[in-house]
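Biologist: Please bring up the model, and let us go through it one question at a time.

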Protein chains: 2
Amino acid sequence: MWPNGWSTFIHSGTKQLTSGMAFPIICTVDVVLFTLKESALHVALLRREHEPFRGVLALPGGYIHPQADQDAESAARRVLQSKTGISSPYLEQLGSFSGAARDPRGWSLSVSYYALVAESLIASARSEASSQEVQLVPVERARGLPFDHRSIIEAALERVRSKSSYSSLPVYLCGDSFTLPELQAVYEAVLGESINKVSFRRKMDELDMLEPIEGAQQTGKAHRPAQLYRLKRQYRKQLSLTSRGINPD
Amino acid sequence: MWPNGWSTFIHSGTKQLTSGMAFPIICTVDVVLFTLKESALHVALLRREHEPFRGVLALPGGYIHPQADQDAESAARRVLQSKTGISSPYLEQLGSFSGAARDPRGWSLSVSYYALVAESLIASARSEASSQEVQLVPVERARGLPFDHRSIIEAALERVRSKSSYSSLPVYLCGDSFTLPELQAVYEAVLGESINKVSFRRKMDELDMLEPIEGAQQTGKAHRPAQLYRLKRQYRKQLSLTSRGINPD
DNA sequence: TGAATAGTGTCTTTCAGACATTATTAC
DNA sequence: GTAATAATGTCTGAAAGACACTATTCA
């Protein structure tokens, strides 16, 4: 099954550790950071500081550091923090992308994550971070990226859309407080479809994760003011799921 | 942020490849292979041939071989085939499990997959495979496993259950032909809930992925014989999704 | 014929979408 | 008052679950 001479290598557990050095696997993490800007989903990209593809826009990513990182998720948080200055309240593993072809340096494995943050969080992080500025690019325009970063973005997009249809995921794209019409617009932007207002409110009510902020209303508009809401405390770091989904209008 | 002397290591892209050899990441694949035996979900386990945990039951797994494997999924297929003799028609990435603590040999990363096969496929594979015999253990009794294999199984179980509620996933646990009552029993075993017969048949009809086998009926029982079905050709290697899920009775 | 399960028809309940109505603000 | 949108009440249609009834086999 294998070319001659490989069988020992392949079937020996202990030899792998030594032989492995001759054929190292490049282990990295990449983060697809989504935010909503002008009612459209954007991804955060950075110009690469090193070869390969130096100077090209790419997903924030970096090597896993076994000495420093407890696990891959810690590595993703560290990379995101150090390269963009952002600590995302929501970060979830998307999956791993691997193979001999995806990186010119050799066989590589990227454990990829996706994050959702409010645009305000990015703006404030930018000024603090010592590194270069984060580029926010509309998802559909994030093309021509190095490696398989476009595939990773597409997988993340699919996951976010699918998860948004039956969970509270999109609230992470909002700030601390928001009105129901605003939140509905966020869901619509993510799902790319309009949602029935009554159904949407029924779902939000059923999810039971929002609480009105007493006495706080969005004012200044030439119409009835909207009640401001926030996530209930117990959901600040956690998703809430609906049993039957949030459907298009 | 990092212990002294690490910063160069951490921020240098090119140095990683060389320094990496001193702190190699152990890259493996593991497969959670599910089958249905006596109306209960079972996982396939094997006694480990090498240290650590030699002789202990564990998930089929092994090192990624950059020279031989095109990507991690190929590695998973190779490992599954070589260790159990099984080529699963359905194999999907579950996620990656990583960290300094999960393997006594050091910082490790397991890209994990799950597979669903009919029990008959395992039986026939057993006789062909030159390796040791696969142990089928009821999922709830697969405990005391090495590494974080129990967590991997639980994640796989959750995925299979969730996916079964809105897709044709469980048909991979059936043989080539089956009756609708049999298929319903499979869904019920996976989901752990009874399903309304009429609704179930409506769903299967809506999925439009089964075709009756002309003139073939399950006979020999003291009651009306049941029509035998098989997957339509176009679905043999592919899942079918329902819009609204398969719900408990 | 009776027991057992397959397969189907149909009523009821539940839930999502449509639509209308009231509420509240700025101007 | 008027325009604009928030918020809510209610009707309708679609889909799921409950239940009953018919069909077909073996003993």
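Biologist: In which loop does Asp208(A) lie, and is it buried or exposed, or partly exposed?

Modeller: This is a predicted model, in which local features need pLDDT of at least 70, side-chain atom pairs count only at pLDDT 80 or more, and totals for chains, interfaces and linings use all residues. Residues are numbered from 1 along each chain as its sequence is written, chains are lettered from A and ligands numbered from 1 in the order in which they are written, and side-chain values use heavy atoms, with hydrogens and water left out. Asp208(A) sits in the loop between H7 and strand S9 (210-218) of chain A, where helices (H or I, at least four residues) and strands (E, at least two) are DSSP runs numbered from the N terminus.

Biologist: Which residues is Asp208(A) in contact with, leaving aside its neighbours within four places in sequence?

Modeller: Contact means heavy atoms within 4.5 Å. With those neighbours left aside, the contacts of Asp208(A) are Lys232(A) and Tyr235(A).

Biologist: How do H6(A) and H7(A) lie relative to each other?

Modeller: Helix H6 (residues 180-191) and helix H7 (residues 197-207) of chain A pack with axes 11 Å apart, at an angle of about 100°; axes are lines fitted to C-alpha atoms, for helices over the stretch in contact, and angles run from 0 to 180 degrees between N-to-C directions. Angles under 35 degrees count as roughly parallel, over 145 as roughly antiparallel, 65 to 115 as roughly perpendicular and the rest as oblique. H6(A) and H7(A) are therefore roughly perpendicular.

Biologist: Which residues of H7(A) meet those of H6(A)?

Modeller: On the H6(A) side, the residues are Leu180(A), Pro181(A), Leu183(A), Gln184(A) and Tyr187(A). On the H7(A) side, they are Lys197(A), Phe200(A), Arg201(A) and Met204(A).

Biologist: Which residues have the most contacts inside the largest nonpolar core?

Modeller: A nonpolar core is a set of buried Ala, Val, Leu, Ile, Met, Phe, Trp, Tyr and Cys residues joined through side-chain atoms within 4.5 Å, and the largest has 50 residues. Not counting residues up to four places away in sequence, Val29(A) touches several residues, including Ile64(A), Ala72(A) and Val79(A). Those with the most contacts inside the core are Val29(A), Ile64(A), Val29(B) and Ile64(B).

Biologist: What percentage of the 249 residues of chain A count as buried?

Modeller: The secondary structure of chain A comes to seven helices and ten strands. Of its 249 residues, the buried share is 53%.

How values were computed
Buried means under 20% relative accessible area, exposed over 50%, partly exposed in between (1.4 Å probe, protein chains only).
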